[in-house]
Amino acid sequence: MLTRLVLFLAIFSVVSLSLFTMRAEAAQNSLIRSEGAFFVVDSKVSGKEAAVRLDDELQSRGIPVFAVFDHAKNAQGVSLALPFTTVFVFGSPKVGTGLMQTNSAIALELPLRIAIWEDSAGKTFIGFPNMAKTAEGYGLSQHPALGKIQPLLEELALKAGARM
């Protein structure tokens with residue numbers, strides 16, 4: 001009888017933990033909105049703060065940042081107004097090279113990018129590509145690197161835009 005109780009409690013614990021994990025993942029995923037070719041996260045912080053957080057997160061993970069484009073600053077340079085709009089270009093040659101070895105044309109989509117922008121009301125958004133759809137166009141939908149890339153983009157966007 002005691003063995004059955006212990007077995008029941010062990011199974012109950014595993015099932016409860018699994019349900020909790022699935023609920024947490026669903027809650028996290030509900031923060032990410034699909035726009036077809038890309039995903040968007042509604043940021044809880046300003047564009048500037050989200051950009052600082054994204055840069056810090058990339059640095060802490062040792063992911064090289066190849067460029068940061070400040071489109072608002074560039075627009076100002078030609079006497080045009082644009083709310084905060086910045087694009088980070090980053091990636092790991094260890095991951096991207098494998099994709100390009102399979103189909104060199106995917107180089108058009110690499111390195112990875114995350115855009116952070118504010119609308120005219122000051123609301124901040126963080127966008128990143130839907131790499132499954134992107135890779136599909138290059139015949140790479142089954143490439144193992146995609147299992148690392150999409151979750152990374154999601155984590156980075158959520159961390160950059162989260163209220164702390």
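Me: How many residues line the largest pocket, and which lie nearest its centre?

Reply: Rolling a probe the size of a water molecule over the atoms shows where empty space is left. In this predicted model, the largest pocket is lined by 16 residues. Gly91, Ser92, Pro93, Val95 and Gly96 lie nearest its centre. Two elements, α4 (93-102) and α6 (146-161), each give two or more residues to that lining. The largest share, six residues, comes from α4.

Me: What is the volume of the largest pocket, and how do its lining residues divide into nonpolar, polar and charged?

Reply: The volume is about 270 Å³. The lining holds 11 nonpolar residues, four polar ones and one charged.

Me: How far apart are Leu156 and Ile126 in sequence and in space?

Reply: They are 30 residues apart in sequence, and their C-alpha atoms are 9.6 Å apart in space.

Me: Where is Thr86 found, and which residues does Thr86 touch?

Reply: Thr86 is in strand β4, which covers residues 85-90. With residues up to four places away in sequence not counted, Thr86 touches Val68, Phe69, Asp70, Ile114, Ala115 and Ile116. Thr86 has a relative accessible area of 4%, so it is buried.

Me: What should I look for in the backbone angles?

Reply: Most residues other than glycine have a negative phi, and most peptide bonds are trans. Ser79 is not a glycine, yet its phi is positive, about 60°. The peptide bond from Leu110 to Pro111 is cis, with omega near -5°.

Me: Where are Ser79 and Pro111 found?

Reply: Ser79 is in the loop between α3 (71-76) and β4. Pro111 is in the loop between α4 and β5 (112-118).

Me: Is Ser79 buried or exposed?

Reply: Ser79 is exposed, because its relative accessible area is 69% and the cut-off for exposed is over 50%.

Me: What pLDDT does the chain average, and where is the pLDDT below 50?

Reply: The chain averages a pLDDT of 85, and 81% of the residues score at least 70. Over residues 5-27 the pLDDT is below 50. That stretch has zero contacts in the model beyond near neighbours in sequence.

Terms used. Residues are numbered from 1 along each chain as its sequence is written. This is a predicted model: local features need pLDDT of at least 70, side-chain atom pairs count only at pLDDT 80 or more; totals for chains, interfaces and linings use all residues. Side-chain values use heavy atoms; hydrogens and water are left out. On a 1 Å grid over the protein atoms alone, a cavity is a set of points where a 1.4 Å probe fits but cannot get out, and a pocket is an open set with protein on both sides within 12 Å along at least five of seven lines; lining residues have an atom within 4 Å of a point. Grid points are joined across faces, edges and corners, and a volume is the space filled by probe spheres set on the points. Helices (H or I, at least four residues) and strands (E, at least two) are DSSP runs, numbered from the N terminus. Ala, Val, Leu, Ile, Met, Phe, Trp, Tyr, Cys and Pro count as nonpolar, Asp, Glu, Lys and Arg as charged, and the others, Gly among them, as polar. pLDDT is the predictor's confidence in each residue, from 0 to 100. Contact means heavy atoms within 4.5 Å. Buried means under 20% relative accessible area, exposed over 50%, partly exposed in between (1.4 Å probe, protein chains only).
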